[in-house]
Amino acid sequence: MTVLMVLAVITVIMLLAFFRASIWGWLLAAIVLVAGVSMLYSISGDALTATVITLGVVVLVMGVPFMRRLLISNFILKVFRKILPQVSQTEQEALDAGTVWWDGELFSGHPNWRKLLAYARPALSAEEQSFVDNETEQLCAMIDDWDVTHVRQDLPPQVWQFIKDKGFFGMIIPKEYGGLQFSALAHSAVVAKLASRSATAAVTVMVPNSLGPAELLLHYGTKEQKDKYLNRLAKGLEVPCFALTGPFAGSDAGSIPDTGVVCKGEFNGQKDVLGLRMNWEKRYITLSPVATLLGIAFKLYDPDHLLGAEEARGITLALIPTNTPGVKTGRRHFPLNSAFQNGPTSGTDVFIPLEYIIGGQERIGQGWRMLMECLAAGRSISLPASATGAAKLSARTSGAYGRVRKQFKMPVGKFEGVEEALARIGGNVYMMEATRVLTASAVDMGEKPSVISAIAKYHCTERSRSVINDAMDLHGGKGICMGPDNYLARAYQQIPIGITVEGANILTRSLIIFGQGAVRAHPYVLREIKAAHNPDKKQALLDFDAALWGHVSFSMSNAVRALVFGLTGGRGVDAPTEAPTRRYYQQLTRYSSGFAFAADVAMLVLGGSLKRREKISARLGDVLSQMYLCSATLKRFEDDGRPEADLPLLHWSMQDALFRIQEAFDGVLQNFPNRLAAWLLRRLIFPLGKGAMPPSDALGHQVATMLMQPGSARDRLTVGMHIPRDEKDAVGALEAALLSTLKCEPVQASLAKARKEGKLTSRDELEQIAEAGKLGLINSEQVQLLQRDYALRRKIIMVDDFDPAQLPAG
Ligand SMILES: Cc1cc2nc3c(=O)[nH]c(=O)nc-3n(C[C@H](O)[C@H](O)[C@H](O)COP(=O)(O)OP(=O)(O)OC[C@H]3O[C@@H](n4cnc5c(N)ncnc54)[C@H](O)[C@@H]3O)c2cc1C
């Protein structure tokens, strides 16, 4: 009976926790339990009295809100205030910026998958689609990337002009100011297509549309500033850049030493103009060598109190025409053989009037907040798009090259070792495109998803690095020897640029994704922190009490859910679809519960030191990230209409990501400093051990085969990239060679047979074709087919060679 009783108690506790019972639910259960045990075991006398008194005290203290707040929540609030990590103002503004979106669901332990699938299928408007299909295609076709990156180290003048004339610089600017007013999805589609042709063009176009003068003016500019600049920016009459980074302030951009000191000076012949004496030294600034309008971040000081009592007024942003006396621009850096304009800028005692401050005087000191608020939208678009565009180019060309290039009488892509690389390429690109689209569409829904933009930026650029590395290996020497016919090497060289900018990746993974997510996307932590900082003590306690007990119930629920779903592998969990995706939703819900509980335990046990425990934070961020990538992938599959042919890509990418989730959890548990907590977490999250497996070889084979086979699945995988049709172009020739190879293989097989039987004696391939034609083994049409096939194959196999005098760049 005792055993049954214990089992019943455990079951009731688990049910209460699972369904997140209220405090009174728990108390009522405790009362029933005590009454039941007392009756069953005939407890009476002093023992019963003591039990009833204890229970009464618990009910009084926990059940009466006033008592609970006074005696328990108040005490915990005091301890909480002590362990709260010190957060600087710049960190706080970064934490506060942007919105919580699907990351909130993933942090909830119970994502609402139906909500995800109910988001409208992302689509371009007719006008946007036409711009992608026409102007963007035209721009791609105008670019010879070798000429751009090697010969002239710049885009040719006609390309610059085309970019300006067609409005590429004004994609985010509203039509009323002469811009294109495109959606984030369209902006992303344009950048992705350009990146599949030329990183230089993609970066040149994306920077004016990302965090910079136009975006800042749109949100914070005064009417005069908007009227003065937006039209000119949209038409490319002004070329903008934005300068935050300097030699001594890189990742820690809030520590910029650049200054603007309030003073009076002479401006445009006028004396005693109230303005700023500016001094700055910035580097790595994209477009600065050719910019006409320099956006700049600096710290504003008012030592003579010309504007007010405060001397140090904080980070402020200004727009300075680069022809202002004293502004230095023009010199160039040379970032990894890219030819986009990038360089340093400096200024010594440059006088500017106060009207140059973005948003005018009332925005003094708000620069960091302005930057952080605008960061998420741009970060959701530019890097995910450019990384995905380059990865699509790698995927399409790798599939084709793997099929056309033969060694040991076999297409190299059919060797199992190469298949592994092709499978990774396919799975990664499928997931990257899903992530690109979902993240951009979140911006179109009005979100500024700060954590999700960091996830998309980090994982698209990292996966792009993996894809391009695999593509390079698959291409062998063809990828290595540079020249006009090498379509991969520049992408390979330039991938670390995307990794470094807009928050270098190591920092993004280690500090931002989980660090910011845990505060922003967690349903209770931000409320607790806000309450702890509230100077109104009464309200603080009220808010903290509500958040704290909600948090406790949330945490207990996730612990039990993680255990139960760990035992069932998520089976039985509600999912919005049937096979073949149902199990993925169930497993993700399981991991979401485990993640939410692990996050709570990490914050409870490590407190403020979690900020320094970057390896733990990074791995928890990996779990969150992979769950987001999986969400995007499942949504993509539904939005694409559940194409049967895409199943290998879906399965490979989902199974790979679920395996990565398991390994990231394992990394947290192996290294968690508190071993007891680690033991508990492992029992709850993996009660039956680790079960997830990486994608099988057979699945990888299916993905690789798809990449080497022209068809709808391959086209969907690389949708939106620029595919040249001109056979003089290296990629165009490769496309043609793939089709030709497949068409010619049966004829080539018959020639091989004839050779074996001694009917053909020529050794050279072209001579053999001619001989077979003469002997009537093949007809004249087949002769032509085989000759063209040989020419195409030769074109794609050959690499560029140079007269030594030609090699030094012009
Ligand atoms: C080609 C290019 C274009 C750029 N364009 C612009 C532009 O237009 N405007 C502009 O203002 N800036 C621009 N940047 C600057 C870019 O944003 C910075 O390079 C970036 O912020 C990193 O700074 P850093 O290079 O000084 O690296 P550092 O800050 O020196 O970082 C070095 C390494 O340390 C890591 N790290 C630093 N702090 C932490 C931490 N707390 N935890 C974990 N890891 C950490 C970083 O991840 C990085 O891996 C550009 C840079 C490049 C290379």
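Student: How far is an oxygen atom of the ligand from an N or O atom in the side chain of Ser251?

Tutor: The distance is 2.6 Å in this predicted model. The pair is a polar contact, that is, two N or O atoms within 3.5 Å; within protein, one must be able to donate a hydrogen and the other to accept it, and residues adjacent in sequence count only if both atoms are side-chain atoms.

Student: What sets the limits for a predicted model?

Tutor: Local features need pLDDT of at least 70 and side-chain atom pairs count only at pLDDT 80 or more, while totals for chains, interfaces and linings use all residues. Side-chain values use heavy atoms, with hydrogens and water left out, and residues are numbered from 1 along each chain as its sequence is written.

Student: Which polar atoms of Leu244 and Glu614 lie 2.8 Å from the ligand?

Tutor: For Leu244, a polar backbone atom is 2.8 Å from an oxygen atom of the ligand. For Glu614, a polar side-chain atom is 2.8 Å from a nitrogen atom of the ligand. The protein covers 68% of the 970 Å² of accessible area that the ligand has on its own (Shrake-Rupley method, 1.4 Å probe; for residues, only the protein chains shown count as cover).

Student: Which residues around the ligand come nearest?

Tutor: They are Leu244, Thr245, Ser251, Tyr284 and Glu614, out of 21 residues around the ligand. A residue is near a molecule if one of its heavy atoms lies within 4 Å of it.

Student: Which elements each supply at least two residues of that shell?

Tutor: These are β1 (240-243), β3 (270-286), α19 (489-500) and α20 (505-520). Helices (H or I, at least four residues) and strands (E, at least two) are DSSP runs, numbered from the N terminus.

Student: What about phi of Gln153?

Tutor: Phi of Gln153 is near 50°, a positive value in a residue other than glycine. Gln153 lies in the loop between α9 (145-151) and α10 (157-165) and is partly exposed, with a relative accessible area of 23%.

Student: Changing topic, how many aromatic pairs are there in the whole structure?

Tutor: A search finds 19 aromatic pairs. In one of them, the rings of Trp101 and Tyr119 have centres 5.2 Å apart and planes at 35°, so this pair is tilted. Rings of Phe, Tyr and Trp (its six-membered ring) pair if their centres lie within 6.5 Å; planes under 30 degrees apart count as stacked, over 60 as edge-to-face and the rest as tilted.

Student: Are Trp101 and Tyr119 buried or exposed?

Tutor: Trp101 is buried, with a relative accessible area of 8%, and Tyr119 counts as buried at 15%.

Student: What reaches the backbone oxygen of Tyr119?

Tutor: The side chain of Lys635 reaches that oxygen at 2.6 Å. Lys635 is in helix α24 (residues 614-639) and counts as buried, at 2% relative accessibility.

Student: Last one: which peptide bond is cis?

Tutor: The bond from Ala579 to Pro580 is cis, with omega near 10°. Pro580 is in the loop between α22 (537-568) and α23 (582-606).

How values were computed:
Buried < 20%, exposed > 50% of the residue type's maximum accessible area, 1.4 Å probe, protein only.
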